[in-house]
Amino acid sequence: MKHKMSHAPGLLLLILLLGFYAFAKEPPVLTLQGEIVDSQCAYNVHSLDHTHSSMVKKGVYGRDSTTCTLHCVRQMGGNFVLVVKEDVYRLDGTVQLEPFAGKKVKVSGILDAKTQTLHVQKMETDR
């Protein structure tokens with residue numbers, strides 16, 4: 001006796017999945033304004049106030065936010081991050097970050113809330 005297997009349940013599932021993907025929305029693009037700093041200062045690895053000010057006052061890692069950020073990324077193993085008030089966002093994407101070191105910026109991208117990573121699509125200095 002031969003058993004006939006019905007493909008209907010699998011086909012129905014495939015149709016439902018394709019329909020879901022066809023109507024799924026893209027994640028929203030966020031635009032945030034903040035400062036590009038290094039993870040060392042932003043996460044208080046060597047700064048006491050989440051900023052460069054204490055390090056600049058000591059004259060240890062730079063003379064301003066830009067030189068402190070670049071020093072901490074180049075020589076101390078830090079990464080560029082975006083600080084918006086009390087929030088710190090990791091950054092990835094194709095945007096070159098060095099020109100924005102220590103600067104106030106406006107950043108557009110898609111946020112991965114689980115990792116607090118902003119997938120940068122566009123960045124410009126905030127004037």
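Residues are numbered from 1 along each chain as its sequence is written, and side-chain values use heavy atoms, with hydrogens and water left out. Because the model is predicted, local features need pLDDT of at least 70 and side-chain atom pairs count only at pLDDT 80 or more, while totals for chains, interfaces and linings use all residues.

Strands here are DSSP runs of E with at least two residues, numbered from the N terminus, and two strands pair if DSSP finds at least two bridges between them. Strand 1, covering residues 30-38, runs antiparallel to strand 4 and is joined to it by 6 bridges; in this pairing, Glu 35 stands opposite Lys 104. Strand 4 is also joined to strand 5 by 8 bridges, again in antiparallel fashion, with Ser 108 opposite Lys 122.

Strands 4 and 5 form a hairpin with 4 residues between them. Within that turn sits Gln 116, whose phi is positive at about 55 degrees although the residue is not a glycine. Its relative accessibility of 24% makes Gln 116 partly exposed (between the limits of under 20% for buried and over 50% for exposed, with a 1.4 Å probe and protein chains only).

Lys 85, another non-glycine residue, likewise has a positive phi of about 55 degrees. This lysine is found in the loop between strand 2 (80-84) and strand 3 (87-93). With a relative accessible area of 80%, Lys 85 is exposed.
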